[in-house]
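Visitor: Hello! I am new to this structure, and I would like to walk through it with you.

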Amino acid sequence: MMLSLAVLLIAGDTTVVSPAGPYRTIAAAVAATPAGGTVLVRSGRYREPLIVLNRAVTIHGEHGAIIDGEGQHALMVIRADEVTVQGLTFTATGGSFTEDRAALRAENAHHCRILDNRFEETFFAVYLAGTVACEVGGNRIAGTMGRVEAAMGNGVHSWSSREADIHDNIITGHRDGIYLEFNRLANVRNNRSEHNYRYGMHFMYSDSSHYTGNTFAANGGGVAVMYTKVVTMERNTFADNGGPTSYGLLLKEIADAQLIGNLFRRNTTGLLADGADRVIATGNRFEENGWGLRLLGSTSGGTISGNLFRRNSFDVAVNGAGTSTDFTGNWWESYHGWDLDRDGRGDVPHHPVRLFAMLVEHAQASLLLQRSLFVRLLDAAERVLPVLTPANVIDARPLMRAPKEGV
Amino acid sequence: MNTLAPLLRFSLREAFRGRWLIGVVCTLALTGELLIRFAGGGATTIVSLIDVVLILTPMLGLVAGTVQVHHARELTELLLAQPVSRRRLFTGLYLGNVIPLATAIVVGLVAPFLWHGLLFGEMGMRLAPLLLVAVGLTGISSALAFLVALRIDDRVRALGAALGLWLIAAVLWDGLILLLAVMIGQRPVEAPMLAVLALNPIDVGRVLLLLGSDGAALLGYTGAVVQHALGTEVGRAALVLALSLWLVLPLAAATRAFQRKSF
């Protein structure tokens, strides 16, 4: 730590801000620093109007360097390329119904880096607007979980940006943990987004993006991916998103998505697909959800293979006549078949949709009969002689052994 | 003259002498043991045990109760010739049937958890409501059995009627409700459905246990359905009340039948 600071001090024009002076405000220090220079912020609490970064500077906060908005205003805005903001604590922006008040906003900037900061009691924490190749990493973002959705901002908000790289952040207590709208080529990885009011992540109109290795747990809903094309979702965890209408992952009006090696656990609905075309899902685990996978009528052309379904009340539910989604070679705990030719695939096909699941689709109140003996008898009868369950939702070659953990 | 104590003592001795109670203990203990071994002793074990309790305990109570009334017939007639309060006699007979049976069921359910060292702590907390419902259903089904056996003198017919009751409560009732739900369709019918469910003690026990267990996330949804209809705490209280009524009303009816019956 000392060494890196020493390097910083030698490296170029460094201006030091501290409560004792010579520069007592960050704004004054920035004004005195040429492009390419560094502002070192000593420990202390800084109360000053909006700090504008209009040249390529690096702001480096020591431990305990706090920028306090006293509940009144936004704190910092980046309006230049190649700006780095690191190690600061942003606190108390206060809420606003008239502006998207953000602790740290980047506007039309290229290659900004927002690293290892803390955001406490901020409305929006980080707000990227029209940025290119900005990096938001290693920040700890804790909002004040308000009671009203409208009185809360998002943790990391990225609007109309390209190549945003959002990684290793821990985000709690916001409306949406991460919000991406009109993004292209976004990369969201290794974040933890938990206990947010609405979604862990909200992904709209954002093409050619992928997110990997994130954990979305105990949010109002896990992740909503909507109106988007070409999204890759890999090795994420969607867990404990409960409640009558809640889900781990919602895919709505999207096309060409890939789901690889994700874990869906203890959600009311693990994966809910509504109007999702050509979704490819492999190596995912659906465990202990109410509904593992729920496909609404307009979903088509997908491939579901090599996934694991275990201890879900309903592994798969479809509404309407079914779907043209292709199920092949998944592992189902509820499979009752055998494998005489020992090729690792079951010899009789598996119908993953239970009759009771269909009845619940039709009349939700019948859920009260969950685990009733009568319902079991019905399911058993349906398994022997399928009448009502959709004939096209069928795994012709189910796996006999559970696929290994992860992919 | 206090006749309740000696009568109860006699019934208990009779019951515990019978080998079938050992059979009950062993069956339940073996089931629990297998479930713990295969399901790892987690929430899944409890959820599976719910099925066992909901199906088995009412059947045991109905069969044992009917058999008991007819079995104790001669003793009853003998005692009625004495200056004995009929109410006391009935209480003695009923408790002499329920206490051994409930003990056997509780012992059978608890034993495997005890020797796996799972009884204390989290699993114990999950097992407790299951035991309460098991004891409640034993009491309820025994009361119903007494009512049936006192009304129907023929042993075989009485036993048939008791099993018929079980078939209705355990299987057919849910079929009717399902039919109702599907016919009415998407309209919100949780409240009327809960009302109809409350007419069947096995269903009441099932919904109570489902609300308490978190074996699957879906149960959160069921919980939400009940909450929507009644509110959680109120809902739970209403279900417990329904279960209590199911104990009190048949018992009162059976007492009445016993008091009016000419043996």
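**A walk through the two chains**

Visitor: In chain B, what share of the 263 residues count as buried?
Guide: Welcome! Please keep in mind that this is a predicted model. Buried here means under 20% relative accessible area. In chain B, which has 263 residues, the share that counts as buried is 49%.

Visitor: How many helices and how many strands are there in chain B?
Guide: Follow chain B along its sequence and you read α-α-α-α-α-α-α-α-α-α-α. The count for chain B is therefore zero strands and, for helices, eleven.

Visitor: Let us turn to chain A. Which residues of strand β2 point the other way from A:Thr38 and A:Leu40?
Guide: In a regular strand the side chains alternate between the two faces of the sheet. Strand β2 of chain A covers residues 38-41, and its four residues listed here are buried. A:Thr38 and A:Leu40 point one way, and pointing the other way are A:Val39 and A:Val41.

Visitor: In β2(A), which residue is the bridge partner of A:Thr15?
Guide: Strand β1 of chain A, residues 14-17, pairs with β2(A) in the parallel sense over four bridges. Together with helix α2, residues 26-31, β1(A) and β2(A) make a right-handed β-α-β unit. Within β2(A), the bridge partner of A:Thr15 is A:Val39.

Visitor: And which residue in β5(A) stands opposite A:Val41?
Guide: β2(A) also pairs with strand β5 of chain A, residues 58-61, in the parallel sense over four bridges. There, the residue opposite A:Val41 is A:Gly61.

Visitor: How many disulfides does a search of the whole structure find?
Guide: A:Cys112 and A:Cys134 have their sulfur atoms 1.9 Å apart and form a disulfide. Both cysteines are buried. Over all chains, the number of disulfides found is one.

Visitor: How many residues apart in sequence are the parts that A:Cys112 and A:Cys134 tie together?
Guide: The torsion about their S-S bond is about 125°, so the disulfide is right-handed. A:Cys112 lies in the loop between β10 and β11 of chain A, and A:Cys134 in the loop between β13 and β14. The pair therefore ties together parts whose separation in sequence is 22 residues.

How values were computed
Residues are numbered from 1 along each chain as its sequence is written. Chains are lettered from A and ligands numbered from 1 in the order in which they are written. This is a predicted model: local features need pLDDT of at least 70, side-chain atom pairs count only at pLDDT 80 or more; totals for chains, interfaces and linings use all residues. Side-chain values use heavy atoms; hydrogens and water are left out. Buried means under 20% relative accessible area, exposed over 50%, partly exposed in between (1.4 Å probe, protein chains only). Helices (H or I, at least four residues) and strands (E, at least two) are DSSP runs, numbered from the N terminus. Two strands pair if DSSP finds at least two bridges between them. A crossover is right-handed if, with the strands pointing away from the viewer, the path from the first strand over the helix to the second runs clockwise. A disulfide is a pair of cysteine sulfur atoms within 2.5 Å.
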